[in-house]
Amino acid sequence: MRLAFKLAFRNLIGAGLRTWLNVIVLAFAFILIVFYHGLNSGWNEQAKRETVEWEVGQGQLRNNGYDPYDPFTIADGHGRIDNPQAQGLEPVLIRQGSIYPDGRMFSTFLRGMDPNQKVLKVPVHLLKDSKADFPVLIGKRMAESAHLKQGDEVLMRWRDKHGTYDATTITVAGIFDSNLPSIDAGQIWMDIHKLWEITGMPENEATFYISATAKENMDVEGWTYYNQASLVQYIDDLAEMDKIGAMIMYGLLLAIALLAIFDTQVLSIFRRQKEIGTYIALGLTRARVVAIFTVEGSMYSIFASVVGMVAGYPLFAYFAKTGIGMGETPANGIATLQRIYPVYGVGLIVSTTALVIISATIVSFLPSKKIARMNPVDALKGKLQ
Amino acid sequence: MKKTALFTIIGLIAMSFMLPTGPSASQIIQKVDDNMSSDTRITESQMIIHGRRNSRTITSIGYSRGKYDNFTEYLAPEREKGTKMLKLKDYLWIYSPSSDRTIQLSGHMLRQSVMGSDLSYEDMMEDRKLLDIYNAEIEGEEEVDGKKVWRLALTAKVDDATYHSRKLWVEQERFVPLKEDLFAKSGQLLKRTVMSDIKKVDGKWYPHKMNYKDMLKDGQGTDFVVTKMQINVPIADEVFNKSNLKK
């Protein structure tokens, strides 16, 4: 086997440009696979972190009538548990309302939360410092779409617990910057005590409670506990879906690179029939000759992995440090990060290298199989077979 | 002397009973209700929805029976043609020909706007009598479009009134409302309805043009123009049947 590697190495170096062209194409595929996987992992990690910090906390105890994907459940999907603070639960109440900036109607969700809370990064503490009669907090997406800025006053309309309309002027006490559109677009944050007051709801009434500490489960009648892992599971699912799409893309790229190796192998076996005949005449078994040619083909992938790592490392390191700007993101959907920091794990590098080497070995072996059927005499004569 | 004083007092009391006094707020609302309601009604109308850039007109024919049953079929434009709406008491169904499906609107779906107008389905669904929901009092008398009107103030006496208070301007001569303002709990004016083009239909006075306006939004609101109205005409029971939606 050592001989096979030695011969393969010499042959490839001797082939010059032909070898390096194959290596470059394969190395490009290698870099792209690692890069894209890194980007995907980076987005996944960041999106999860942001979602935990800004939206889900350590877990949520949701009212059974509330479905976050169905806005029609907000009206009735709320309730109350006794002394939630003692259980490390922070109440969040959601109601529907509208605001009227410049005479245009904006449907919004009014989110009430205690300004002293510590479970989320949403800066509701700013509400405590405001001198306005009715201070509220909005995200930058909401501010942009409604053309609102800090200090602006706008009329807000809502319904109390009986369904009677009420309206008053609110003041934008602060604008926060979050990557999570779900807590920003169309959302108005306010002191939950104020929301209880204006809707006539009793203290501790909530759509859901956010847990300050990690819990596996909670057994409260009429409520369902969702732990942190289940609340961010959709991000993993999305990343997985994205990975499938990406696999098609770099599968095609890898196929092109492997096709080049396959072609090279076919040509190599055709042109080096005398050499093959000589090997057999010298006493090498056909299996060994096949092995020599297969190793030669798979060595492209080893070269490509080395070149890929050498050429890709500065690139990977640079992007891992500075991140990749994703530009302005639309104000809906899940975490949309303006800058993604790719994450490259050892597992990712090893698995990608293995993928490239194994696939290159397979495509090298396929044409080499022909050697096993060759007549050594004809091969020595260089006859076409 | 004593006798003279006694006769004077009795005379004054008797005169006070003989003096013409106006109707109470409840009586006015009752009379408005009597004037505006009928056993059955067939109305051909146009709903003109004024948008920011342009206006669109939706033509429909509506059948109503009593206070609770209503059937509306949209006739134009092409996009809305064939859409039907059936309201029976507290239930509302909408049939859409494009999907060939009937859906029942309930809960918060009723708070959506009707065809993008300033009217919500809930506004259309409210069929409780005003006097069941509000305490009414006469605030004063004034003139609207040259007509003498009473200005009535209505304040909710139940918890679940959509609007906490209303103001109603009722024409004194024909007992027809000419204007209505709807207020939030805070006193903020939310919606205004202006009625005009009052015509007599089978002995009852009825406004043939209504403008509904969400006062918090810019724009001209939504006009509802009655082009033809028949009252107390027989309407087949099948009209108010769910099976009529898909016909």
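The model is predicted.

**Overall form of chain A**

Chain A contains 11 helices and 13 strands. Its radius of gyration is 32 Å, whereas a compact globule of 385 residues would have one near 21 Å. Along the principal axes, the C-alpha atoms occupy a box of roughly 100 × 45 × 30 Å. Buried residues make up 39% of the 385 in the chain. If contacts in chain A are counted between residues at least 6 apart in sequence, 79% of them join residues at least 24 apart.

The domain assignment divides chain A as follows.

| Domain of chain A | Residues |
|---|---|
| domain 1 | 2-52 + 234-381 |
| domain 2 | 59-213 |

Taken over C-alpha atoms, the centres of domain 1 and domain 2 of chain A are 52 Å apart.

**Contact between the chains**

Chain A contributes 16 residues to the contact and chain B contributes 17. On the side of chain B that touches chain A, six residues are nonpolar, six are polar and five are charged.

In soluble globular proteins, nonpolar side chains tend to be buried together. The largest nonpolar core in this model has 51 residues, and those with the most contacts inside it are Val136(A), Ile138(A), Trp189(A) and Leu190(B). Strand 7 of chain A (residues 165-176) supplies the largest share of this core, with six residues. Leaving out residues up to four places away in sequence, Ile138(A) touches Ala143(A), Leu148(A), Val172(A), Ile175(A) and Ile188(A). Another core lies apart from it and has 36 residues, including Ala29(A), Ile280(A), Val295(A) and Ile302(A).

**Surroundings of Tyr36(A)**

Tyr36(A) is located in helix 2 of chain A, which spans residues 17-56. Is Tyr36(A) buried or partly exposed? It counts as partly exposed, because it has 17 C-beta neighbours inside 10 Å, and a residue needs 20 or more to be buried. Not counting residues up to four places away in sequence, Tyr36(A) touches Ala246(A) and Tyr250(A). Lys243(A) is 207 residues from Tyr36(A) along the chain, and the C-alpha atoms of the two are separated by 8.8 Å.

Technical notes: Residues are numbered from 1 along each chain as its sequence is written. Chains are lettered from A and ligands numbered from 1 in the order in which they are written. This is a predicted model: local features need pLDDT of at least 70, side-chain atom pairs count only at pLDDT 80 or more; totals for chains, interfaces and linings use all residues. Helices (H or I, at least four residues) and strands (E, at least two) are DSSP runs, numbered from the N terminus. The radius of gyration is taken over C-alpha atoms; the globule rule is 2.2 Å times the number of residues to the power 0.38. A residue is buried if 20 or more other C-beta atoms lie within 10 Å of its own, exposed if 12 or fewer, and partly exposed in between; C-beta atoms are placed from the backbone. Two residues are in contact if their C-beta atoms, placed from the backbone, lie within 7 Å. Ala, Val, Leu, Ile, Met, Phe, Trp, Tyr, Cys and Pro count as nonpolar, Asp, Glu, Lys and Arg as charged, and the others, Gly among them, as polar. A nonpolar core is a set of buried Ala, Val, Leu, Ile, Met, Phe, Trp, Tyr and Cys residues joined through C-beta atoms within 7 Å. Domain bounds come from an automatic or database domain assignment.
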